Amino acid sequence: MTLKLAINARFRHRRITGVGRYAHEISKRLTLPKRFIEPGHSTGQVGGHLWEQFILPAKIQNGDVLWSPANAGPWLVKKQVVTIHDASVFDHPEWFNPTFAAWTRLSWKILARRARALITVSEFSRQRLKHHLNLPDEKIHVIYNGVGEPFEPQSAGRAAAVKEKYGIRKPYFLFVGTLEPRKNLHTLLKAWEQLNLKTHELFLAGTEGLVFSSASHAKSVTCVLDEDLPALYSGAAAFVYPSLYEGFGLPVLEAMACETPVITSNTTAFPEIFGDAALLIDPARPEDIIRAMQEIIENNSLANTLRERGMKKARELSWEKSTVKTETIFKGIV
């Protein structure tokens, strides 16, 4: 039987974050016969769920295998593979809107029973999802995320141009991410305030707005064009990502692919994925973040070692490899 793959492409109507990048990068590389099923327009969260549950199933043809790559899928489609990226709605429901968290937990419990297979992006996430969803080992598969173009080392000229574009006047430490509790920006800003470094800046790239480390210290968060991210990574003294919880931590890998030293957390999936390719810190301790930034500035040998190890890690984890492994799961469904 020829495998026909239908892709739940609701992700095409969302802003690209880590989950969206995964869905875009894998889906465009799939070599199997495929078609994308998506809403005709942007639906919003509630409308998107309704479309997914009631309209999408009617578009599935006999013989299709459906892939839902972005943490949600229709309950009525059994011949389905769902990618769930982490278990944070179970482990830390306090970080989410209560209605969203309750709906997601319910939906995942139903999908865990009905879908043919689940994919997740780390062994850490696999163990947490097994625990919460009571899954047998053979039903949930680990396939690491990857990285690829345009995330690669940029020229000094390109890095300087992007630095000027965003008004960065000094050497800088970089954070990239969405503004949500798990990203732990308040601790990063507390560390930065205590460090009181005059020679460097801290540049925060994410959703526009202000976050405060104290009443008198505000840092602007800048919305950065996707096309500028590789140069922004490349030009940084280090990428600092003290997240409290990640199923993978894709921005860390993107920074490594751009030959940037990385400071990140010693919790959740980070040690498993990145090991000694990053400088690991306790994200709850501002003094750890301070010490790591000081080491990057004062120890060129360490910074260069992290660049080399990061590039090696980026070469090991490609979207092409991830896609081949993902296709193997689909073929196993037929």
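Analyst: A residue is called buried when its relative accessible area is under 20%, exposed when that area is over 50%, and partly exposed in between, with a 1.4 Å probe and only protein chains considered. By this criterion, 53% of the 334 residues in the chain are buried. The model is a predicted one, in which local features need pLDDT of at least 70 and side-chain atom pairs count only at pLDDT 80 or more, whereas totals for chains, interfaces and linings use all residues. Residues are numbered from 1 along each chain as its sequence is written, and side-chain values use heavy atoms, with hydrogens and water left out.

Helices (H or I, at least four residues) and strands (E, at least two) are DSSP runs numbered from the N terminus. Gln53 has a relative accessible area of 7% and is therefore buried. Contact here means heavy atoms within 4.5 Å. When neighbours within four places in sequence are set aside, the contacts of Gln53 are Gly73, Pro74, Trp75, Leu76 and Trp103.

Asn71 sits in the loop between strand 3 (64-68) and strand 4 (80-83). Its phi is positive, about 75°, although Asn71 is not a glycine. Most residues other than glycine have a negative phi, and most peptide bonds are trans. With a relative accessibility of 23%, Asn71 counts as partly exposed. Asn184 also has a positive phi, of about 65°, without being a glycine. This residue is placed in the loop between strand 7 (172-176) and helix 7 (185-195), and its relative accessibility of 2% makes Asn184 buried. A cis peptide bond joins Glu149 to Pro150, with omega near 5°. Pro150 is located in the loop between strand 6 (140-142) and helix 6 (156-165).

Helix 1, covering residues 18-29, has twelve residues and a span of 17 Å from first C-alpha to last, close to the 16 Å expected at 1.5 Å a residue; the expected span is 1.5 Å times one less than the number of residues. Its buried residues include Gly20, Arg21, Tyr22 and Ala23, together with Glu25, Ile26 and Ser27.

The cysteines can be treated briefly. A disulfide is a pair of cysteine sulfur atoms within 2.5 Å, and the structure holds zero of them. The cysteine sulfur closest to that of Cys223 is in Cys258, and because it is 18 Å away, it is too far for a bond. Cys223 is partly exposed, at 48% relative accessible area, whereas Cys258 is buried, at 2% relative accessibility.

For the setting of these details, the chain contains 13 helices and 13 strands. Its C-alpha atoms fill a box of roughly 65 × 40 × 40 Å along the principal axes. The radius of gyration is taken over C-alpha atoms, and the globule rule is 2.2 Å times the number of residues to the power 0.38. For 334 residues a compact globule would have a value near 20 Å, and the chain agrees, with 20 Å. Among contacts with a separation of 6 or more, 66% join residues 24 or more positions apart. The accessible surface of the chain is about 14,800 Å², and 52% of it belongs to carbon and sulfur atoms; such areas come from the Shrake-Rupley method with a 1.4 Å probe, and for residues only the protein chains shown count as cover.
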